[in-house]
Amino acid sequence: MSDDPILALEDIAFGYAGRPALFTGLYFTLRRQEHIGLYGPNGSGKTTLLRLMMGLETPQGGRVLFHGIPVDGQTLHRLRCSIGFVLQNSDDQLFSPTVLEDVAFGPLNLGLKRHEARSRAMETLESMGLAAYADRQTQRLSGGEKKMVSIASVLSMRPEALLLDEPTAFLDDSSRDKILRILQQQDIARIVVSHDKEFLEQSASSLICIASGKI
Amino acid sequence: MQHCSPTPSAFCHFDPRTLLLAATGAALCFSLVQSLALAWVCLALALVLAAAGRPPLALLLQRLAVANFFILFLWVTVPFAVPGDSLAAFGPLSVSREGVALSLSVTLKCNSILLCFLTLTADLSLPLIGYSLERLRIPVKLVFLFLFTCRYIYVIGEEWRKLQTAAKLRGFIPSTSLHTYRTLGNMLGLTVINSIDRSQRIYEAMLLRGFNGIFHTVTELKAARSDVLFAVLFFSTLVCLLAADICLKFRNV
């Protein structure tokens, strides 16, 4: 298996309009089976870094590489189908009316047939102990349940890497432990952004601090 | 997708599309009926349906009460406004026979339609209604607009309640004052802005999972022989009702 990075940021410059530059000359790589924990003060650009990787923000300089290929309009869709991004707010992530529909949304977009997407979604839910939630309405789930279903909704796409933005925010210890267990079961590469140092230490093999636009 | 509620009605095992088509057909047919006698038949038919379906009675009555509250306004105005034979007079105002007949007809038809809809769709969840509409070839954008509204109306409502709580916690007591109107305006504005921001984030979440402009669903709906039988019986009854109405109209002419 090649050790080429799945994702790489090269010489990235980025800043939001009307504000000082957030990143200048930033380099970052994510390799296979690498588990990175990312922490830093509020406003240091942790979420922005993930958004840059997923093509939700366009850098003013430098480039984003996916398997060594610069990300452009054509490769962006492939990147998003290969890298799972769990958003901080699950209500933004779970837009389908039922859990099953939401978890099957990604597989359907990958081109799977209806019955295949359905069984892929059920398989993912079962592997996470969430099979009983399949017909539940997403708006009626608790915070912890929503977060787990959010993770299921990206895992059902069988991604080669997972980016998680504050997966434990507003969760109790029990939900936090469940998410940790789920993450530990996955051997795919991941970047976890969190303020919860203990969670990062348990879920990541290397910790990276981001502050003042530097890593 | 399972669609039987915890207290299932007799129609719970029918295909949701059959039920939606039947309810829509009934609404169309009942609204076209012009004879007052047949409007009573419509109500009788709806009552038979409700008796057979046994939807949750309290909820049914509650919803009928809300609809009839608005119909009450019709009774206050229409009998006085429609010209015709006078039944009674209150000073300069007179109640016409035609006005009363029209109000009664609207009341009967409205209640019949509501009863049919509430009975036939009692077991259907909003998502199931959405996916059934999609299979019935309703434009997919409209269907997903409906589904997204169902999904996020709770979230927006929750945000509105949080803003209200935040205002109350800082001593805000609504009154008829400029301060109240300004505060409520700010809260409403903020809710709209938050909703726009959220819609942007949801769109991003969709793109992140490979959305390319086409909506797909995994919900499978299957019509059984019992659906066909029910549909044939139900629509035959509706056609007979319309035919009887046309006959009555020609006889009166």
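Helix H5 of chain B, spanning residues 126–135, is largely enclosed by the rest of the structure, because seven of its ten residues are buried. The model is predicted. The buried positions of H5(B) are Pro127(B), Leu128(B), Ile129(B), Gly130(B), Tyr131(B), Ser132(B) and Glu134(B). These buried residues pack against two helices of chain B, namely H1 (16–32) and H6 (140–169).

Helix H1(B), one of the packing partners of H5(B), consists of 17 residues. The distance from the first C-alpha of H1(B) to the last is 24 Å, close to the 24 Å expected at 1.5 Å a residue. Buried residues in H1(B) are Pro16(B), Arg17(B), Thr18(B), Leu19(B), Leu20(B), Ala22(B), Ala23(B), Ala26(B), Cys29(B) and Phe30(B). Besides H5, the buried residues of H1(B) pack against helix H2 (36–53), helix H4 (97–120) and helix H8 (225–252) of chain B.

In chain A, Val64(A) lies in strand S4, which covers residues 61–66. Val64(A) counts as buried because it has 24 C-beta neighbours inside 10 Å, where 20 or more are required. When residues up to four places away in sequence are not counted, Val64(A) touches Leu9(A), Leu52(A), Met53(A), Gly55(A), Pro59(A) and Val71(A). Glu166(A) is 102 residues from Val64(A) along the chain, and the C-alpha atoms of the two residues are separated by 23 Å.

Conventions: Residues are numbered from 1 along each chain as its sequence is written. Chains are lettered from A and ligands numbered from 1 in the order in which they are written. This is a predicted model: local features need pLDDT of at least 70, side-chain atom pairs count only at pLDDT 80 or more; totals for chains, interfaces and linings use all residues. A residue is buried if 20 or more other C-beta atoms lie within 10 Å of its own, exposed if 12 or fewer, and partly exposed in between; C-beta atoms are placed from the backbone. Helices (H or I, at least four residues) and strands (E, at least two) are DSSP runs, numbered from the N terminus. Two residues are in contact if their C-beta atoms, placed from the backbone, lie within 7 Å. The expected span of a helix is 1.5 Å times one less than its number of residues.
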